[in-house]
Amino acid sequence: MCGIFGMTGHKDAGRLAYLGLYALQHRGEESAGIVTYNRKKAIYYKGMGLVSDVFDAKTVKSFRGDMAVGHVRYSTTGSSLAKNIQPFLVKHKRGYIVIAHNGNLINTIALHDEMEDRGSIFQTTMDSEIIAHLIVRYLNRGFKGSVISALSQLRGAYSVVIMLDGLLIGARDPYGFRPLCLGKLDGAYVLASETCALDLIHAKYIRDVEPGEIVFIDRGDIKSVKPYVKQKSALCIFEYIYFSRPDSNIFCNNVYLTRKRLGRRLAHEYKLDDCDLVMPMPDSGSYAGIGFSQESKLPFEFGMIRNHYVGRTFIQPSQFVRDFRVRVKLNPVKDVLRGKKVVIIEDSIVRGTTSRARVKTLREVGAKEVHMGVSCPPIVSPCYYGIDFPTKRELIASKRTVKQTGDFIGLDSLQYLSLDGMLKSMPLAADKFCTACFTCKYPTKLPKKFSKSILERG
Ligand code: AMP
């Protein structure tokens with residue numbers, strides 16, 4: 001997953017991009033980058049780590065130009081390389097090309113091989129570099145034509161913000177896997193992964209960029225095209241379950257309220273007679289937890305408190321604290337939990353290892369019974385469209401029954417929300433979503449061979 005941001009026609013575009021990335025930080029903590037453009041020169045600021053680590057006050061003050069493109073990147077451990085930081089920037093004889101990409105392409109290998117055969121040389125392992133090469137290949141069709149032709153070659157998931165020598169472009173793949181919204185501030189257009197980025201800079205939300213749509217923004221002027229064959233939409237349901245911020249409206253609907261509905265429905269499906277309290281796994285389980293509590297009439301308590309100041313740490317945890325990684329982030333409230341029968345509400349279980357460690361902590365401080373309700377069905381299949389799920393082998397639900405998963409985590413009982421229950425809690429019709437991680441039904445054909453970059457999420 002990643003967060004993307006673009007702005008044009010505003011004297012503070014760079015600084016606003018910096019704030020926008022702050023709001024999108026949850027979409028990627030690995031690296032951050034901003035390219036500013038003053039209609040003559042593009043300047044690149046980037047680094048590994050959080051937005052607050054990468055840009056200092058002096059840098060932010062030095063931003064010049066009325067255009068900016070920003071990116072926060074999420075990647076798996078193996079691809080934590082400085083050369084893969086986005087946005088991707090190249091200078092071409094026709095001007096600068098800047099690309100910020102969220103999603104994952106599934107025809108990377110085919111495109112890569114074909115382009116190398118034609119003489120392209122790649123500097124990174126990012127999908128975004130492929131997009132830049134394609135744009136350059138078609139530049140003789142004009143800026144707009146080149147983008148339309150380049151994106152037509154891509155298969156899989158992409159929401160992109162592109163800057164092409166003064167033209168700002170936003171696009172979503174025809175399935176619409178990943179979100180992208182359009183806003184306006186002081187007459188200037190803004191593109192962002194989530195509406196929370198618009199909120200922070202006081203931009204007005206205008207609408208979502210639609211699946212298969214490309215918007216071309218030339219200062220205050222916007223043109224939209226939908227040049228591709230229409231596909232059945234496949235919005236990522238996991239954006240609602242876990243990924244997006246609860247204060248965002250994703251795919252035109254609020255995330256917080258959707259999570260609460262998931263929790264309410266879970267309460268219908270998971271009947272627990274004599275529990276003392278409902279506690280969420282903060283923060284992601286909190287909203288479903290509220291819904292569960294309201295519906296089940298069990299009191300809602302925070303049994304674990306999140307430390308919001310956890311950054312990178314340089315001590316060797318194992319020498320000091322056994323379960324450092326769990327405890328540094330979430331600490332149990334002993335006096336709330338001691339002797340109590342608790343039901344934890346969790347948004348999802350992936351490997352099961354984090355939940356196992358947390359349940360152990362709850363038992364150590366004296367919780368009498370520990371049950372868990374999960375506000376989505378078992379995740380049984382990897383995502384090829386940009387959510388960082390491990391391989392099938394590592395997904396606990398792909399190899400264990402619910403009972404076995406509960407035993408592994410150390411629970412008295414475990415229940416997932418049913419597929420039907422999840423879909424009925426959504427603000428949009430069931431057939432609008434990609435649910436491949438729960439059903440193994442992928443909305444696109446999958447190539448036989450995936451590139452390494454499938455693990456290097458954009
Ligand atoms: P685990 O118990 O190890 O399966 O971890 C489950 C936790 O990971 C849940 O609290 C989720 O909020 C969180 N989670 C869900 N999806 C992802 C993901 N793609 N990457 C990282 N964490 C995730």
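Reader: Which buried residue has no salt bridge, and where does Arg172 lie?

Author: Let's start with the terms. Buried means under 20% relative accessible area, exposed over 50%, and partly exposed in between (1.4 Å probe, protein chains only). A salt bridge is a side-chain nitrogen of Lys or Arg within 4 Å of a carboxyl oxygen of Asp or Glu. Here Arg172 is buried yet has no salt bridge. The nearest side chain of opposite charge is Asp208, 4.4 Å away; Lys and Arg count as positive and Asp and Glu as negative, while His and the chain ends are not counted. Arg172 sits in strand 8 (residues 167-172). Helices (H or I, at least four residues) and strands (E, at least two) are DSSP runs, numbered from the N terminus.

Reader: Good to know. Which backbone oxygen does the side chain of Arg172 reach?

Author: That of Arg178, at 2.8 Å. A polar contact is a pair of N or O atoms within 3.5 Å; within protein, one must be able to donate a hydrogen and the other to accept it, and residues adjacent in sequence count only if both atoms are side-chain atoms. Arg178 also belongs to a network of salt bridges with Arg27, Glu194 and Glu239.

Reader: What should I keep in mind about the model itself?

Author: This is a predicted model, in which local features need pLDDT of at least 70, side-chain atom pairs count only at pLDDT 80 or more, and totals for chains, interfaces and linings use all residues. Residues are numbered from 1 along each chain as its sequence is written, and side-chain values use heavy atoms, with hydrogens and water left out.

Reader: How many salt bridges does the structure hold?

Author: There are 23. One of them joins the side chains of Glu210 and Lys226 (2.4 Å, N to O). Glu210 lies in the loop between strand 11 (204-208) and strand 12 (214-218) and Lys226 in the loop between strand 13 (221-225) and strand 14 (235-236), so the pair ties together parts that are 16 residues apart in sequence. Glu210 is partly exposed at 36% relative accessibility, and Lys226 is partly exposed at 48%.

Reader: And what is the salt-bridge partner of Asp283?

Author: Arg306, with the closest N and O atoms 2.6 Å apart. This pair links distant parts of the chain, 23 residues apart: Asp283 is in the loop between strand 17 (277-280) and helix 10 (286-296), and Arg306 is in strand 18 (residues 304-306). Asp283 is partly exposed, with a relative accessible area of 27%. Asp283 has a backbone feature too: a cis peptide bond joins Pro282 and Asp283, with omega about -5°.

Reader: Where else is a peptide bond cis?

Author: From Gln86 to Pro87, with omega near 0°. Pro87 lies in the loop between strand 4 (67-73) and strand 5 (88-92).

Reader: While we are on backbone angles, what is the phi of Phe251? Is Phe251 buried or exposed?

Author: Phe251 has a positive phi of about 50° although it is not a glycine. Phe251 is buried, with a relative accessible area of 4%, in the loop between strand 15 (249-250) and strand 16 (253-254). Arg219 is another non-glycine residue with positive phi, near 50°. Arg219 is partly exposed, with a relative accessible area of 42%, and is found in the loop between strand 12 and strand 13.
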